[in-house]
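Biologist: Please take a close look at one helix and at the backbone around it. I would like one connected account.

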Amino acid sequence: MDGQADGFAAFPDDGERHPGVLMYADGLGIRPVLREMASELAGHGYYVLVPNPFYRHGPAPVIELPEYIGEEDRPAVFARLMPLIEAHTAERVLSDADAYLRFLTAQPEVGAGPVAVTGYCIGGLLAVRTAAAHPGQVAAVAGFHGPVGADGPDLFSKITARVHLGHAETDLTPEALGELNQALDAAGVDYTSEIYPGTVHGFTMSDTDAFNPSALQRHWDRLLPLLDRTLGNG
């Protein structure tokens, strides 16, 4: 880790200890919609840590974002974001992941035991990399509309966590999904991996024109039982 990362945590204010979840934002970074999603998850009995992955470039929001990101906003927003995403090398990701997990598990509100990692868009890839680097500690990993296969099949062979991947219809053809799932099978991963019907990239994010309410609900319907089973928070 290079310096100090900003971020935020959401957790039940009940004096109890709860399982820890590391949540990686999408490429647009920390903003109100991420706070809403983290609060929603915390309401189910989890301590949710959401770091700013681009802290090397400044505190969140690293770039100024419109309140609602429509088609006309995307080119300008992504022109500014791509250099940050490209500068976030695999080496930086893993060094940061070590620090995030150390911080998460040291909090007095976080129970002993394994943690989960979830991520959106580029955060899905960060989640998978984190799970692969910490097999003894990460019991569940979920990625949504993320380029989770970007590092190739070798990454999957290091994962011992249970996995759920929810893909956008525009990100993955059925053939590509078949190949990805074959690689997960070959690596012996315990997973579910599916294309969410009628979705485009970014479908979980309600502050963008990619948002799909039924797909966001499906994401909760998959994520919550996964965490419940692996972190024993029934």
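Modeller: What follows is a look at one helix, then at some backbone angles in loops.

This is a predicted model, in which local features need pLDDT of at least 70, side-chain atom pairs count only at pLDDT 80 or more, and totals for chains, interfaces and linings use all residues. Residues are numbered from 1 along each chain as its sequence is written, and side-chain values use heavy atoms, with hydrogens and water left out.

Helices (H or I, at least four residues) and strands (E, at least two) are DSSP runs, numbered from the N terminus. Helix H3 covers residues 90-106, 17 residues in total. The expected span is 1.5 Å times one less than the number of residues; for H3 that gives 24 Å, and the end C-alpha atoms are 24 Å apart, which agrees.

Buried means under 20% relative accessible area, exposed over 50%, and partly exposed in between (1.4 Å probe, protein chains only). In H3 the buried residues are Val93, Asp96, Ala97, Ala99, Tyr100, Leu101 and Leu104. Their cover includes strands E2 (20-24), E3 (47-51), E4 (115-120) and E5 (138-144), and helix H4 (122-133); contact means heavy atoms within 4.5 Å.

Now the loops. Cys121 lies between E4 and H4. Its phi is near 55 degrees, a positive value in a residue other than glycine, and Cys121 is buried at 13% relative accessible area. His145, in the loop between E5 and strand E6 (162-168), also has a positive phi, about 35 degrees. His145 counts as buried, at 1% relative accessibility. Pro61 sits in the loop between E3 and helix H2 (74-87), and the peptide bond from Ala60 to Pro61 is cis, with omega near -5 degrees. Most residues other than glycine have a negative phi, and most peptide bonds are trans.
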